[in-house]
Amino acid sequence: MCEYLHSVTLQEEKCRGCTDCIKRCPTEAIRVRNGKAKIINERCIDCGLCIRVCRNHAKKAVTDTLDSLLEFKYKVAIPAPTLYSQFKDILDVNLILTGLKKLGFDEVYEVARGAEIVTAASRKLLENKTLPKPIISSACPVIIRFIQIRFPELINHILPIISPMEVAAREVKANLVKKGINEKDIGVFFISPCAAKVTNVRNPIGFDQSSVDKVLSIKDVYMKLVPILKTIDRVETLRQSSNNGIGWAISGGEGKFLGIENYIAVDGIENVNKILEKVENGKLKDVDFIEGLACHGGCLGGPLTVENSFVAKNHLEKILRYSVKVKKQDNQDMINSDLNLTWSNPIISKPVMTLDQDMEKAIKKLEELERIYDSLPQIDCGSCGAPNCRALAEDIVRDNANIEDCIFMLRQKVREMAEDMVNLSRKLPPAFRKNDD
Amino acid sequence: MKLSFNVDGDEFTLAGESSSQVKKVLKQLGVPSEVIRKIAIAMYEAEINMVIHANGGTIDVDITPEKVYIVLKDTGPGIPDIDLAMQEGYSTASEKVRELGFGAGMGLPNMKKYSDGLEITSEVGKGTTVEITVYI
Ligand code: SF4
């Protein structure tokens, strides 16, 4: 398996080579080369920001398609709670879950239920107080990758627990195998608001192999589900989750359900960056827990959703209120999972920002970088294909660009050459020179 | 490799920018993360102190493969009794500054805790120089 693999990709024919995405990418992972945006694989954390900012819709998240249902005999849907928020006027989650069965799934297991199991396990982990404070939630895969690249010294703050999606997949598979179904025949399909989850399923962090077989986007499923929902005449009672698990989709939901009072819920990758900086400076030791989600509005703002995140939040809150009315109890006491939810592999840092393995050489390169940066116009125009002048200087010392990629530097060079040529053209061989030459 | 910064004393919100940049540089140089963390905490503390007490100043950073050496110089009021200032909980911060979360009396003790060498020279009325060394 190759080490870096991403869901977020470019559709070349749509890309016009503008600077929108290169300037917004939180890890400076995009360059424009030959008129097209190019993602530097090692740096991309699949946040999906570039998908959102591209005006030509040239970036997309590659997910599995509904056709892949045909690959398995026994098909299980594990929907993210965000799915529930996408349908206007549907308050009963059971309707959506029944719809999924009509769509072709043999079984449905809610990721919201997985979230509740994760919460129970997290509580236990938090009790033994060995983790350094503040503890950082591991719920958002983008944030974990971001920490690996940008804040490696905070890796040991991350709550070492697998995600609700993974728990749901493992739990449902274990249950089905117990019932006598052959594991090879089971296909677990995660219905996802998130591009990074696709990457995480193929290339997990913290363990070797994901129990999720395919990842479908909420968008694709939504399109198929809407007409089906209209035809349902008998709603099955399939919901197992309580409001707590569903609440995870909203920023702050995890911390609230954990029962921690002293926590920070922060959404939007640039906001998370600021908070992690503070942790790095030792300034948030008085905080117990940080729930950082890369998308604005949490998972409801994921790049694979259809509804506006603010509207989705309103819908989800309606669902939560409705559930209270129909007395759906918090069933966290019933959680009796014998699954091991902690990570089996350590999270390693990914020093992709490092200029050279050898520090002496790195220092030389950095000095060169500073020198080049000083000579550049420092207006961050982006015409060179790098997000800013400093990034171009960095690309140059990494041998990935030339100083003439800067149009201002090029112009200056051309001008110097032109002046040289004019001067040269004035020169005559001695035999033709007049006295006053 | 040498870096220099001017720290503006009028802007609380800008305090910490130099430490932020130094952190970025150290990551580019591949300095181990535990070391970066020590430097981040010690230097941030020192930078904030400089803003609170001395209306800013200058910071010089010298990075070699063996160590990071940081000198923070200001022309502020100086520290009358350095030993006293090193005690945990000792603070000269005004009410306003404390409200902002600074000046809990952990500044100098924290700097000492997270650096391998801490040298403070100060003259009342003239200014303070703080030298922080962290070995890589
Ligand atoms: S997905 Fe995020 S990290 Fe990856 S290239 Fe796009 S903006 Fe950058």
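Biologist: At 14% relative accessibility, does A:Lys214 count as buried or exposed?

Modeller: This is a predicted model, in which local features need pLDDT of at least 70 and side-chain atom pairs count only at pLDDT 80 or more, while totals for chains, interfaces and linings use all residues. Residues are numbered from 1 along each chain as its sequence is written, chains are lettered from A and ligands numbered from 1 in the order in which they are written, and side-chain values use heavy atoms, with hydrogens and water left out. Buried means under 20% relative accessible area, exposed over 50%, and partly exposed in between (1.4 Å probe, protein chains only). Because its relative accessibility is 14%, A:Lys214 counts as buried.

Biologist: In which strand is the place of A:Lys214, and with which residues is A:Lys214 in contact?

Modeller: Strands (E, at least two residues) and helices (H or I, at least four) are DSSP runs numbered from the N terminus; A:Lys214 belongs to strand E9 (residues 214-217) of chain A. Contact means heavy atoms within 4.5 Å. With neighbours within four places in sequence set aside, the contacts of A:Lys214 are A:Asp64, A:Ser68, A:Glu71, A:Phe72, A:Val188, A:Phe189 and A:Phe190.

Biologist: In the open sheet of 3 strands in chain A, what is the strand order?

Modeller: Two strands pair if DSSP finds at least two bridges between them. Strand E7 (135-136) and strand E10 (263-267) of chain A are the edge strands, each pairing on one side only. E7(A) and strand E11 (residues 289-293) of chain A run parallel and are joined by 2 bridges, and the partner of A:Ile135 in E11(A) is A:Phe289. The sheet, with parallel pairing, has the order E7-E11-E10.

Biologist: How many salt bridges does the structure hold over all chains?

Modeller: A salt bridge is a side-chain nitrogen of Lys or Arg within 4 Å of a carboxyl oxygen of Asp or Glu. One of them pairs A:Lys101 with A:Glu236, with the closest N and O atoms 3.4 Å apart. Over all chains, the number of salt bridges is 26.

Biologist: Which parts of chain A does the salt bridge of A:Lys173 and A:Asp213 tie together?

Modeller: The two side chains meet at 3.1 Å, N to O. A:Lys173 is buried because its relative accessible area is 9%, whereas A:Asp213 counts as partly exposed because its value is 28%. The partners are 40 residues apart in sequence, so the pair ties together helix H6 (residues 164-178) and the loop between helix H7 (195-202) and E9.

Biologist: What is the area buried between chain A and chain B?

Modeller: The size of an interface is often given as the accessible area lost when the parts come together. Here buried area is the accessible area (1.4 Å probe) that two parts lose on being put together, summed over both. The contact takes 26 residues from chain A and 22 residues from chain B. Carbon and sulfur atoms give 56% of the buried area, which is about 2100 Å².

Biologist: Which residues of chain A lose the most area to chain B?

Modeller: The residues in question together account for 28% of what the side of chain A buries. They are A:Asn281, A:Met359 and A:Leu366.

Biologist: How many salt bridges does the rule find across the interface of chain A and chain B?

Modeller: B:Glu45 forms a salt bridge with A:Lys283, with 3.4 Å between the closest N and O atoms. Across the interface of chain A and chain B, the number of salt bridges found is 5.

Biologist: Which helix gives the most to the side of chain A that touches chain B?

Modeller: Helix H11 (269-280) and helix H13 (359-375) of chain A each supply at least two residues of that side. The helix that gives the most, with 8 residues, is H13(A).
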